[in-house]
Amino acid sequence: MKKKIILSIFLLILILTGLGVYCINGDKISKNVYVQNINIGDLTKDEAKDKLSSEYKIQSFKFNYKEKTWDIDPKTLDINYDLDKTINKAYDVNRKGNIIQNIFKSLQNLAGIKTKVNLVMNCDEDKLKSELEKISKEVNKDSKDATIKIEKKKVKVVKEETGLKLDIEKTKENFIEDINKGKSTQKLVVSQIKPKIKSSDLKGIDTLLGSYSTTLYDSGYGRVQNIKLATKKTSDVILMPGETFSYNKHTGVRSAENGYKLAHVISSGKVAYGIGGGVCQVSSTLFNAVLYSGLDIVSRTNHSIPSTYVDLGRDATVSDSGIDFVFKNNYKHPVFIKNNYKDGVIKCQIFGHKSDKKNIEISTKYGYNITTYRTYYDNNKKEIKKEAVCTSAYLSRSH
């Protein structure tokens, strides 16, 4: 009895092995092999190709993001099904391993276990990237930091806006992977760009810390245009605690390409015509507002000859050659810089937290050089401290 059982098992193994070997050596794809949802098992390669050709027709592809859809013509991306590669992959399902693995795989398929093979597709990735770059122009949105708006002398915080950016590389990877699975609709991979400054960071800005105005002495077209441009470029700036403000960084290079005009400038102790004349009046006006706000002066240089729009020791020259006006927010709260030009008057204002409001007077001491002082007072007008802010040396004091 025992010998019969052993013999039966041996015969069964031989039969199964024979079936497996037959499947491997035959010219047909193993049973129950599917491409997507199409069963091409037990078909020759040619039969399988005919079946797939009739089932799969390339249609337009879609990219989705929220409520919007973009239709892409397959011809635009040079997309085509590679049926030969697909069928070869299906054919190799029970032929790519060693003999034991191949026999076992054949028997699994014979027993009804399905094997799925992805549909191989070709796509021009450069053209796909180009199409995604076009879509990104509709999807991408710059983030906007929270900022300050002055309405009727009242400070109002304007809420920040989250930005969006299409991840082209990740979307491309997902698309290629999904089309090989037969999917024709793809969700765009879009990342959110968080703003650096949130409205919660600015809620404490409610007080004017310092302000200063100057009047134009030269109302020539070039100078007025330069002042308007420099005023705009240096306005609506949030300076977080510890951050520095570079005047040159905000105004950019004074060139015709950047919108600056010819006007009077002071160069090497002389008045001449140059691109960007007038920007120093804005920097000098801002310098005085900074003085009254109590912010730290990092870098400031006087003109070679005195300016007519501010007192001696109260000017701040700048140039593309490297002379910059830089100051620092030394407070624990952010400050907001608001500059404005209207009817021949430049006005620079610095807003901040009410706890940072200081009672300050500015004075100058005349000598061979001119020293500018900043004196702090308490609410009872008692002097707290007096500091020398900067020293000015002019080539000539007559202009």
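Close-up 1. Residues are numbered from 1 along each chain as its sequence is written, and side-chain values use heavy atoms, with hydrogens and water left out. Helix α8 covers residues 221-233 and helix α10 residues 279-293, and the two pack at an angle of about 45° with their axes 8 Å apart. The axes are lines fitted to C-alpha atoms, for helices over the stretch in contact, with angles from 0 to 180 degrees between N-to-C directions; helices (H or I, at least four residues) and strands (E, at least two) are DSSP runs numbered from the N terminus. In contact (heavy atoms within 4.5 Å) are R223, N226, I227, A230 and T231 of α8 with V279, Q281 and V282 of α10. These residues of the contact of α8 with α10 comprise 4 nonpolar, 3 polar and 1 charged (Asp, Glu, Lys and Arg are charged; Ala, Val, Leu, Ile, Met, Phe, Trp, Tyr, Cys and Pro nonpolar; the others, Gly among them, polar).

**Close-up 2. Helix α10 lies across strands β15, β18 and β19, running at about 140° to β18.** An open sheet of 3 strands is arranged in the order β15-β19-β18, and its pairing is antiparallel. At the edges stand β15 (244-246) and β18 (296-299), each of which pairs on one side only. On average, neighbouring strands of this sheet are turned by 25° against each other, direction ignored. Between β15 and β19 the antiparallel pairing runs over 3 bridges (strands pair if DSSP finds at least two bridges between them), and T244 stands opposite K328 in β19.

Close-up 3. Strand β3 (residues 61-65) pairs with β11 in the parallel sense over 3 bridges, and the bridge partner of N64 in β11 is K187.

**Close-up 4. Helices α5 and α6 pack at an angle of about 125°, with their axes 10 Å apart.** The two helices are therefore oblique to each other. From α5, the residues E125, L128, K129, L132, E133 and S136 meet I168, E169, T171, K172, F175 and I176 of α6. The contact of α5 with α6 divides into 5 nonpolar, 2 polar and 5 charged residues.

**Close-up 5. Helix α1 (residues 2-25) has the lowest confidence in the protein, at a mean of 48.** The confidence given here is pLDDT, the predictor's value for each residue, from 0 to 100; the highest, 98, belongs to strand β19 (residues 326-328). Over residues 7-20 pLDDT stays under 50, and for this stretch the model has 7 contacts beyond four places in sequence. Where pLDDT is low, the predicted coordinates should not be read in detail. The protein averages a pLDDT of 83, and 85% of the residues score at least 70.

Key: Predicted model: local features only at pLDDT ≥ 70, side-chain atom pairs only at ≥ 80, totals over all residues. Parallel < 35°, antiparallel > 145°, perpendicular 65-115°, else oblique.
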